[in-house]
Amino acid sequence: MPIKIGALAKHTATTVETIRYYEKEGLLPEPARSEGNYRLYNEEHIERLQFIRHCRALDMTLEEVRILLQFRDMPYEDCGSVNALLDEHIRAVEVRMEELTHLKQHLTVLRQKCSNPALTASCGILRALGDRSCHA
């Protein structure tokens with residue numbers, strides 16, 4: 001049974017704006033229209049949107065999602081490229097984790113610049129942000 005965009009949004013916990021954006025980007029196929037020109041979605045749209053949302057929850061870019069959808073739409077192709085894409089994404093996550101570890105270290109050093117509440121004029125955190133001493 002076809003559903004309107006609001007019901008699709010509610011069913012998939014996705015905003016209407018995001019659904020329209022995915023359509024515009026070609027990630028979701030254009031839905032049929034009712035006589036009143038309402039978008040009408042079917043089970044294929046629900047499944048595809050859930051797939052996209054799961055990929056995005058795994059921090060995949062829209063381009064990665066687009067590639068995975070292309071492979072998903074060709075069920076008889078070899079999945080070696082899918083494995084390679086995921087391996088590349090894992091490496092990107094590892095790099096990001098290292099960056100976040102460094103960020104945490106900088107924030108910890110910054111936090112240590114002001115151990116006791118004081119007037120902002122003498123706040124070690126604000127001073128360190130100004131002179132970049134938290135990066136030393």
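Is E63 buried, partly exposed or exposed? E63 is partly exposed, because its relative accessibility is 46%; here buried means under 20% relative accessible area, exposed means over 50%, and partly exposed lies in between, with a 1.4 Å probe and protein chains only. The model is predicted, so local features need pLDDT of at least 70 and side-chain atom pairs count only at pLDDT 80 or more, while totals for chains, interfaces and linings use all residues. Residues are numbered from 1 along each chain as its sequence is written, and side-chain values use heavy atoms, with hydrogens and water left out.

The structure contains 5 salt bridges, a salt bridge being a side-chain nitrogen of Lys or Arg within 4 Å of a carboxyl oxygen of Asp or Glu. One of them joins E63 to R66, with an N to O distance of 3.3 Å. These two residues are separated by about one helical turn, because they lie 3 residues apart in helix α4. Helices (H or I, at least four residues) and strands (E, at least two) are DSSP runs, numbered from the N terminus.

R66 also forms a salt bridge with E25, in which the closest N and O atoms are 3.4 Å apart. This pair links distant parts of the chain: R66 belongs to helix α4 (residues 62-72), whereas E25 sits in the loop between α2 (16-24) and β1 (32-33), and the two are 41 residues apart. E25 counts as partly exposed, because its relative accessibility is 27%. Through shared partners, salt bridges join E25, E63 and R66 into one network.

A further salt bridge is found between the side chains of R48 and D73, at 3.0 Å from N to O. This pair, too, links distant parts of the chain. R48 is in helix α3 (residues 43-57) and D73 is in the loop between α4 and α5 (80-111), 25 residues apart. R48 counts as buried because its relative accessibility is 11%, whereas D73, with a relative accessible area of 45%, is partly exposed.

A search of the whole structure gives 0 disulfides, a disulfide being a pair of cysteine sulfur atoms within 2.5 Å. The closest cysteine sulfur to that of C123 is in C114, and the distance of 3.9 Å is too far for a bond. C123 counts as buried, at 13% relative accessibility. For C79, the closest cysteine sulfur is in C55, 14 Å away, which is also too far for a bond. C79 counts as partly exposed, at 46% relative accessibility.
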